[in-house]
Amino acid sequence: MRDPKFRGSEFFDPHDAVQVKYEMLRRVSIDKLSVTEASDEYGVSRPTYYQAKVNFNMAGIAGLVPTKPGPRGPHKIDDKVVAFLQAHLAPGEPVRARELAKLLRQELDIELHPRSIERVLKKSGR
């Protein structure tokens, strides 16, 4: 990053991702730097700038807080899968997640780890 504000300042912290992104957005909107100039100055790609702008416009400063990459939840488990699993539970019997995983694979062609099955059943009340 080449923005001089972030060198030797007690207020501007180059390790504070939210502050850095906010300042980058501010440089374009207030200081009228081009997106290319601001991206170069802050050492990010133009798509990264535009994503920060979208996130800021949607959620304000909270939109600039970094999030963990990857899925946000189980993407294979929908209501149909939960209903299938619950329909194959024997009342009063322990959950046999490995057997349920095999059934799921055979009948619905869905690969699901037995531990994921246990978690979803626990969450759904079984």
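This is a short exchange about how labels are assigned in a predicted model.

Trainee: Why is A52 called buried?

Mentor: Its relative accessible area is 5%. Buried means under 20%. So A52 counts as buried.

Trainee: Where is A52, and what does A52 touch?

Mentor: A52 sits in helix α3, residues 46–59. Leaving out residues up to four places away in sequence, A52 touches K21, M24, L25 and L64. Contact here means heavy atoms within 4.5 Å.

Trainee: How far apart are the C-alpha atoms of A52 and V95?

Mentor: They are separated by 45 Å, with the two residues 43 residues apart along the chain.

Trainee: Which residues of α6 are buried?

Mentor: In helix α6, residues 114–123, they are S116, I117, V120 and L121.

Trainee: How do you know that they line one face of the helix?

Mentor: Look down the axis of α6. The buried residues fall within an arc of 130°, so they line one face. As background, an α-helix has 3.6 residues a turn, so residues three or four places apart point the same way.

Trainee: What covers the buried residues of α6, and what does the face turned away carry?

Mentor: The cover includes α4 and α5. The face turned away from the buried side carries the exposed residues K122 and K123. Just after α6, G125 takes a positive phi of about 100°.

Trainee: Which residues have a positive phi although they are not glycine?

Mentor: K32 is one of them, at about 60°. D109 is another, at about 55°. K32 is in the loop between α1 and α2. D109 is in the loop between α5 and α6.

Trainee: Why are K32 and D109 called exposed?

Mentor: Exposed means over 50% relative accessible area. K32 has 64%, so K32 is exposed. D109 has 67%, so D109 counts as exposed.

Conventions: Residues numbered from 1 in each chain as written. Predicted model: local features only at pLDDT ≥ 70, side-chain atom pairs only at ≥ 80, totals over all residues. Heavy atoms only, no water. Helix = DSSP H or I, 4+ residues; strand = E, 2+ residues; numbered from the N terminus. Buried < 20%, exposed > 50% of the residue type's maximum accessible area, 1.4 Å probe, protein only. Arc of directions from axis to C-beta.
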